[in-house]
Amino acid sequence: MSPQYAHLLDRTVRYHEAGSGRTCILLHAFPLSADQWLPQLHRVPPGWRFVAPDVRGFRGVGQAYQDVGLETATMASHAADVLQLMNHLDVDRAVIGGLSMGGYIALAVARAAAGRLDGLVLADTKATADTPEGQAGRDAMIARVQAEGVAAIADVMLPKLLGATTQRGQPDLTEAVRTLILRNTPEAVASALGAMKTRPDSTPFLSGLACPALVICGDEDVLTPPADSDAMVAALPAATRVVIPHVGHLSNLEAPVAFNQALAEFLSRT
Ligand code: MLT
């Protein structure tokens with residue numbers, strides 16, 4: 001699938017697009033890229049258009065364009081980027097979906113512009129902010145990526161991103177995810193770590209989110225375990241919960257058939 005490029009005022013956004021009809025935006029996890037959503041982009045349900053942009057700075061290695069504003073990125077600025085892309089594409093309302101970091105951004109979009117949401121998909125993510133220990137871990141990762149590069153981050157993250165069953169049974173997927181990670185620059189990775197570290201707690205805000213929500217989680221997710229999904233489902237007024245068995249944090253890549261089925265079913269009644 002060939003990417004598209006949106007030339008905005010301050011930067012160029014690379015994104016994938018497939019299907020036609022109502023729009024569903026898909027936001028990727030840390031430290032991947034829009035390519036994470038290829039299994040969904042190849043199976044868009046009828047009547048829907050999927051748009052999957054890179055989060056600012058991602059998929060930067062070897063790209064001709066430069067990203068600005070990485071040092072000051074926050075979840076709120078990433079949400080503003082999503083809204084800016086929607087404006088550019090002439091999309092007033094959309095279903096906003098995100099996996100993990102993408103879910104943090106989806107929640108930030110909901111905080112900033114709930115009226116532009118037809119629905120929310122929160123996959124392997126959580127509403128809470130980083131704990132002080134989590135923030136210290138982010139600082140250590142920023143220092144590490146600056147000193148050792150993105151390969152060191154891939155080594156740290158891969159065993160946590162993929163579930164134990166996937167690591168045993170799908171070795172090719174581990175290598176494919178490593179390749180996605182290595183296409184990112186240290187600057188993008190450090191920027192995302194800083195933005196995740198300072199994200200606010202969205203939990204108090206969930207009860208006011210009236211739009212339909214789909215909360216998906218792999219039962220072997222060790223980064224955002226099913227209890228994090230349970231907490232969001234309990235707080236959201238209109239949430240459907242789907243737990244995918246034998247799957248870790250990257251549920252859309254580890255079990256694309258089950259993920260696509262849950263997403264299509266949700267979209268059909270949204
Ligand atoms: C992700 O998958 O996006 C990250 O693991 C999220 C995080 O580190 O909080």
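Predicted model: local features only at pLDDT ≥ 70, side-chain atom pairs only at ≥ 80, totals over all residues.
The secondary structure of the chain consists of twelve helices and eight strands. The chain has a radius of gyration of 17 Å; the globule rule gives 18 Å for 270 residues, and the chain is therefore as compact as a globular protein of that length. The C-alpha trace extends over about 45 × 40 × 35 Å along its principal axes.

Of the 270 residues in the chain, 56% are buried. Among contacts with a separation of 6 or more, 76% are between residues 24 or more positions apart. The accessible surface of the chain amounts to about 10,600 Å², and carbon and sulfur atoms contribute 55% of this area.

Helix 8 covers residues 186-197. With twelve residues at 1.5 Å a residue, helix 8 should span 16 Å, and the distance between its end C-alpha atoms is 16 Å, so the two values agree. The buried residues of helix 8 are Ala 188, Val 189, Ala 190, Ser 191, Ala 192, Leu 193, Ala 195 and Met 196. The elements covering these buried residues include helix 2 (75-88) and helix 3 (101-113), together with helix 4 (132-148) and helix 5 (150-161). In an α-helix there are 3.6 residues a turn, so residues three or four places apart point the same way.

Notes
Residues numbered from 1 in each chain as written. Heavy atoms only, no water. Helix = DSSP H or I, 4+ residues; strand = E, 2+ residues; numbered from the N terminus. Rg over C-alpha atoms; globule rule 2.2 N^0.38 Å. Buried < 20%, exposed > 50% of the residue type's maximum accessible area, 1.4 Å probe, protein only. Contact = heavy atoms within 4.5 Å. Areas by Shrake-Rupley, 256 points an atom, 1.4 Å probe, with all protein chains shown as cover. Expected span 1.5 Å × (residues − 1).
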